[in-house]
Amino acid sequence: MGAASRRSSSWAPMGGRSPLRAASALRTREWSYPQAALTTLLAHERPHCDISTEFHTRNGPFTLVPLPGGHRSSLVWVTAEPAAKRLSGLDDRDLAAAVEHQARSMLGAMRIDGPRGLVPMRGLSVERPVADRLALIGEAAHVFPPIGAQGLNLGLRDAAAVRDAVFSAREANRDPGAPASLAGFGRNRGVDARLRGAAVDMLNRSLLTDFLPVDALRGLGLVVLGAIPPLRRIVMREGVQPRLGAPSLMR
Ligand SMILES: Cc1cc2nc3c(=O)[nH]c(=O)nc-3n(C[C@H](O)[C@H](O)[C@H](O)COP(=O)(O)OP(=O)(O)OC[C@H]3O[C@@H](n4cnc5c(N)ncnc54)[C@H](O)[C@@H]3O)c2cc1C
């Protein structure tokens, strides 16, 4: 990675505060949510059976992500910012009790088993993820709240897609950093990021509103998915590893 020169190109996986994006002329939109995520690692009494669980609460998603070994999970608790700050100030015993309560004791007694983090919730999108000899991937190009395990997977698809763009340019004896070589990458990744960003934003905002029809619609959607396993499997597969327009490494 380095500054772009006349012949070099940069593929920028530098996270949401990417200095290369900031130095480019790309139009960027940034916004924030009145939420923060409390993160930590948990040890728990009952096995997670390799199942990730996401509770949708009035203030945001509360997610338990299974870790190897069966009795440890990663916690991402998105809630109103003051509540997240209050939770992060609790001692380990009280925080573990609050987490167990929020998880309806589904994994039994909890113990805090790792460092804590407190991450303000924000969003970021770029009009196009490519500029002069620059391709943005991962959070350099898109940031949204952690709902439905979208962020990392989107970033991995970006990385695989930029690899495809470079390989096909080389095969055709073209300059991989030229606008024509990156145009397809920019179009496809822009669409994927915009669609997923909009879906996550809508889902997150639908949790925050107390407008009954929106609540009812979200509830109905989840009931339908719960009742029709094949539909649920398709939605989950397309959510994590879509087949349509997938980079060649992921087909
Ligand atoms: C609380 C929380 C929970 C999440 N949970 C999930 C989840 O369950 N599933 C999921 O799919 N996604 C999840 N995400 C999203 C996921 O973490 C991100 O999508 C992913 O980490 C983005 O990866 P990245 O490489 O683009 O950015 P980052 O992970 O931010 O990595 C960028 C790296 O670039 C480095 N860097 C920056 N500038 C420079 C420089 N000038 N030179 C060299 N290096 C530099 C940074 O130090 C950093 O290490 C979560 C996000 C949050 C905030």
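Start with the salt bridges, of which the count comes to 15, a salt bridge being a side-chain nitrogen of Lys or Arg within 4 Å of a carboxyl oxygen of Asp or Glu. This is a predicted model, in which local features need pLDDT of at least 70 and side-chain atom pairs count only at pLDDT 80 or more, while totals for chains, interfaces and linings use all residues. Residues are numbered from 1 along each chain as its sequence is written, and side-chain values use heavy atoms, with hydrogens and water left out.

Select Asp-215 and Arg-58, which form a salt bridge with their closest N and O atoms 2.6 Å apart. Asp-215 lies in helix 6 (residues 212-227) and Arg-58 in the loop between strand 3 (53-57) and strand 4 (60-66), so the pair ties together parts that are 157 residues apart in sequence. Helices (H or I, at least four residues) and strands (E, at least two) are DSSP runs, numbered from the N terminus.

The axes of helix 5 and helix 6 come within 9 Å and cross at roughly 125 degrees, where axes are lines fitted to C-alpha atoms, for helices over the stretch in contact, and angles run from 0 to 180 degrees between N-to-C directions. That makes helix 5 oblique to helix 6, since angles under 35 degrees count as roughly parallel, over 145 as roughly antiparallel, 65 to 115 as roughly perpendicular and the rest as oblique. At this contact (heavy atoms within 4.5 Å), Leu-203, Ser-206 and Leu-207 of helix 5 meet Val-214, Asp-215 and Arg-218 of helix 6.

Next, select helix 7 (residues 229-240), whose axis lies 5 Å from that of helix 6 at an angle of about 110 degrees, which makes helix 6 roughly perpendicular to helix 7. Here Val-224, Leu-225, Gly-226 and Ala-227 in helix 6 meet Pro-229, Leu-231, Arg-232 and Val-235 in helix 7.

On the helix 4 side, the contact includes Leu-154, Arg-157 and Asp-158, and on the helix 5 side it includes Phe-185, Arg-189 and Asp-192.

Finally, select residues 15-162, where UniProt, in an unreviewed entry, places the feature "domain: FAD-binding"; UniProt positions are given in the numbering used here, feature names are shortened, and annotations may be inferred rather than shown by experiment. The end C-alpha atoms of this span lie 16 Å apart, and the span is 24% helix and 39% strand.
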